[in-house]
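Trainee: Hi! Could you walk me through this one?
Mentor: Happy to, let's bring it up.

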Amino acid sequence: MNVEVDFDARVDRSASHSTKYEKYAGRDILPLWVADMDFRSPEVVVKALQRRVEHGVFGYTLPPAELVAVIIERLQRLYQWQVNAEDIFFIPGVVPGLNMACRGLLAPHQAALTATPVYYPFLEAPGHQHRRLITMPVGAAAGGFRYPLQALAEHARGDAGLLLLCNPFNPVGRLLDRDELEGIAAICEAQDLWICADEVHCDLVFDDRRHIPIATLSPAIAARTVTLMAPSKTFNIAGLGGAFAIIQNPELRARFKAGGQGILPGVNLLAYEAMLAAYRDAGDWHASLLRYLQGNRDYLFRELNALPGIIMHPVEATYLAWLDVSALGLNDPAYFFESHGLGMSGGGQYGADDHMRLNFGCPRAVLEEAVARFRAALPRT
Ligand SMILES: Cc1ncc(COP(=O)(O)O)c(C=O)c1O
């Protein structure tokens, strides 16, 4: 039991049209897949939404100036990153931002680069815009996955125009360190690549690590970078749809915006309210959440790595565990685990068939049940 916020509480999501729960409705399968958490959002967020709903008029809405100020203050405090109001552009989701970057920043003959395995919209976005995608597998080193700098350097010399960077890195759970980021930045600068950095998991970082937005490395890197952030993952408000891009180079900003012209809807007014309350008022809740998630991660790491045939990679950030199940030699790992009551994301959609992704943003008791099901599913040694 957490003393400050009761993350152990089980919230019934069954009647809420939840994407995560509807998939397995009526079946005894634990939903441990899509990346939202089973926790109630902070009370300050719920109250802010209630107040706004009470107003009763829901017309077209501008971004609140206070939200812009809160974001600017936060970026300065957390990353010593000085950003101006005009550098911030609100969008209804991070994934639209990835697609806008491919559409607005790549010429028809140019390709986007991305390291794999990666959150599947990275793999889809270039194709949606009739652009080519070049993938670069991450290297598994002793301390965990390392960013494939050599492959990046090789491919960047060709007709690549954009790096789609995922940091923190879903699904592999890495928080890229300064050396890796500097390596990436140097290559992008030398080969004149734009960078679209999806940093949506930047507030879900464990063991007192510090996230480094790649745009903060230098003004030259900031000038070629679109940074995508949102409170959606951290404060469990993803269903409201709200995110923002930080773009300090006016030419790049104009091209990014043009990538969404005529297609992109405005941001939902409730998302603005929730984003503001989350960033401004939910700091204590966030600190408690990180402690709880870290406990979940540690529990899962200990238990799953003690089982035969499963390797859980270290998780430095995100509430997503990346499991190597290759030793089990399964034809269809997702089906196998579902048939044992475990509803995880199959690794194939991220580019690794022999892996599974498990979302541990849930009460500990759910993970205990999951571990019991893993134990029952796996052959005894
Ligand atoms: C790396 C990453 N980017 C983007 C998203 C989704 O962002 P949005 O719902 O704002 O489009 C997710 C959700 O899992 C994610 O993991």
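Mentor: First a term: buried area is the accessible area (1.4 Å probe) that two parts lose on being put together, summed over both. This is a predicted model, where local features need pLDDT of at least 70, side-chain atom pairs count only at pLDDT 80 or more, and totals for chains, interfaces and linings use all residues. Residues are numbered from 1 along each chain as its sequence is written, and side-chain values use heavy atoms, with hydrogens and water left out.

Trainee: Which domains does the assignment give?
Mentor: Domain 1 (19-43 + 283-377) and domain 2 (57-281); the bounds come from an automatic or database domain assignment. Their centres, taken over C-alpha atoms, are 25 Å apart.

Trainee: And how many residues does each bring to the contact?
Mentor: Domain 1 brings 30 residues and domain 2 brings 27, contact meaning heavy atoms within 4.5 Å.

Trainee: What area do domain 1 and domain 2 bury between them?
Mentor: About 2500 Å², with 57% of it on carbon and sulfur atoms. On the domain 1 side, Glu316, Thr318 and Tyr350 lose the most area to domain 2, together 28% of what that side buries.

Trainee: Switching to charges, how many salt bridges are there between domain 1 and domain 2?
Mentor: Three, each a side-chain nitrogen of Lys or Arg within 4 Å of a carboxyl oxygen of Asp or Glu.

Trainee: Which residue does Glu316 form a salt bridge with?
Mentor: Arg209, and the closest N and O atoms are 3.9 Å apart.
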